[in-house]
Amino acid sequence: GGLVDAGRLDAIPIDLPTDPSISGLLGLDVLARFDVGISRGSLEASLHPPGSLQPPQGMREMPMSYLKPPAGLYSIQVRVAPVGGGGKESGTVTAIVDLGSPITIVNWRAMESAGIFPSSPLLRDTGEVVAGASVQGMGASSMRVFQIDLGLRAGGAKGEGVVKLGNH
């Protein structure tokens with residue numbers, strides 16, 4: 001592929017605390033201008049004119065919403081349920097689409113709507129503690145990390161995965 005015209009960009013020159021071979025971040029300010037295809041299997045990404053990318057057979061499009069700043073992120077509506085029973089399918093909850101997070105995180109309100117509470121035998125204590133996560137105006141916090149096998153329904157499509165939860 002050749003160059004893709006992304007239009008005018010407001011780039012911020014800053015040294016990132018990463019591997020020296022990483023030269024920057026490709027943010028939503030660019031990605032929002034295109035339909036984006038990502039293949040984890042072939043480790044490829046593609047940028048397409050808006051409205052031109054059609055989902056492959058067996059996949060469905062999911063409508064996204066834009067969360068205004070300070071978040072400035074996209075979200076989708078999903079339902080969650082424990083794999084193998086022991087709960088129920090939750091009501092619809094809002095999930096942020098985060099292509100940079102190595103884990104999926106679910107809050108307790110969403111889990112409780114799926115019939116999972118902190119005392120549930122379906123939760124596995126990982127022995128991990130995470131710290132430093134903060135929300136503007138709330139300061140940093142630390143919490144124990146638990147795992148649960150969850151099913152996910154988004155846009156009519158189903159999937160399963162391991163989800164981590166924090167408990168103060």
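Is Val36 buried, partly exposed or exposed, and what is its relative accessible area? Val36 is partly exposed, at 33%, where buried means under 20% relative accessible area, exposed over 50% and partly exposed in between (1.4 Å probe, protein chains only). The model is predicted: local features need pLDDT of at least 70 and side-chain atom pairs count only at pLDDT 80 or more, while totals for chains, interfaces and linings use all residues. Residues are numbered from 1 along each chain as its sequence is written, and side-chain values use heavy atoms, with hydrogens and water left out.

**Figure 1. Overview of the chain.** The chain has two helices and eight strands, in the order α-β-β-β-β-β-α-β-β-β along the sequence. Helices (H or I, at least four residues) and strands (E, at least two) are DSSP runs, numbered from the N terminus. Of the 168 residues, 21% are buried. The accessible surface is about 12,300 Å², and carbon and sulfur atoms account for 57% of that area; areas come from the Shrake-Rupley method with a 1.4 Å probe, and for residues only the protein chains shown count as cover. Among contacts between residues at least 6 apart in sequence, 39% join residues at least 24 apart, a contact being heavy atoms within 4.5 Å.

**Figure 2. Nonpolar surface patch that includes Val36.** Val4, Val36, Ile38, Leu47, Met64, Val97 and Leu99 make a nonpolar surface patch of about 590 Å². Patches are made of residues with over 30% relative accessible area and no salt bridge; like charges are joined within 9 Å, and nonpolar side chains (Val, Leu, Ile, Met, Phe, Trp, Tyr) within 5 Å. Val36 is located in strand 1 (residues 35-39).

**Figure 3. Salt bridge between Arg8 and Asp10.** A salt bridge is a side-chain nitrogen of Lys or Arg within 4 Å of a carboxyl oxygen of Asp or Glu, and the count by this rule is three. Arg8 and Asp10 pair at 3.1 Å, N to O. Arg8 is exposed, with a relative accessible area of 66%, and Asp10 is exposed at 54%.

Figure 4. The side chains of Arg79 and Glu89 meet at 3.9 Å, N to O. This pair links distant parts of the chain, 10 residues apart: Arg79 is in strand 4 (residues 73-82) and Glu89 in the loop between strand 4 and strand 5 (93-96). Arg79 is partly exposed at 33%, and Glu89 is partly exposed at 36%. Ser90 is found in the loop between strand 4 and strand 5 and is buried, with a relative accessible area of 1%. Not counting residues up to four places away in sequence, Ser90 touches Arg79, Val80, Ala110, Ser113 and Ala114.

**Figure 5. Salt bridge between Arg124 and Asp149.** The closest N and O atoms of Arg124 and Asp149 are 3.4 Å apart. The two residues link distant parts of the chain, 25 residues apart, with Arg124 in strand 6 (residues 124-135) and Asp149 in strand 7 (residues 139-154). Arg124 is partly exposed at 34%, and Asp149 is partly exposed at 33%.

Figure 6. Most residues other than glycine have a negative phi, and most peptide bonds are trans. Leu43 has a positive phi, near 55°. Leu43 is in the loop between strand 1 and strand 2 (44-48) and is exposed at 76% relative accessibility. The peptide bond from Pro69 to Pro70 is cis, with omega near 20°. Pro70 lies in the loop between strand 3 (65-67) and strand 4.
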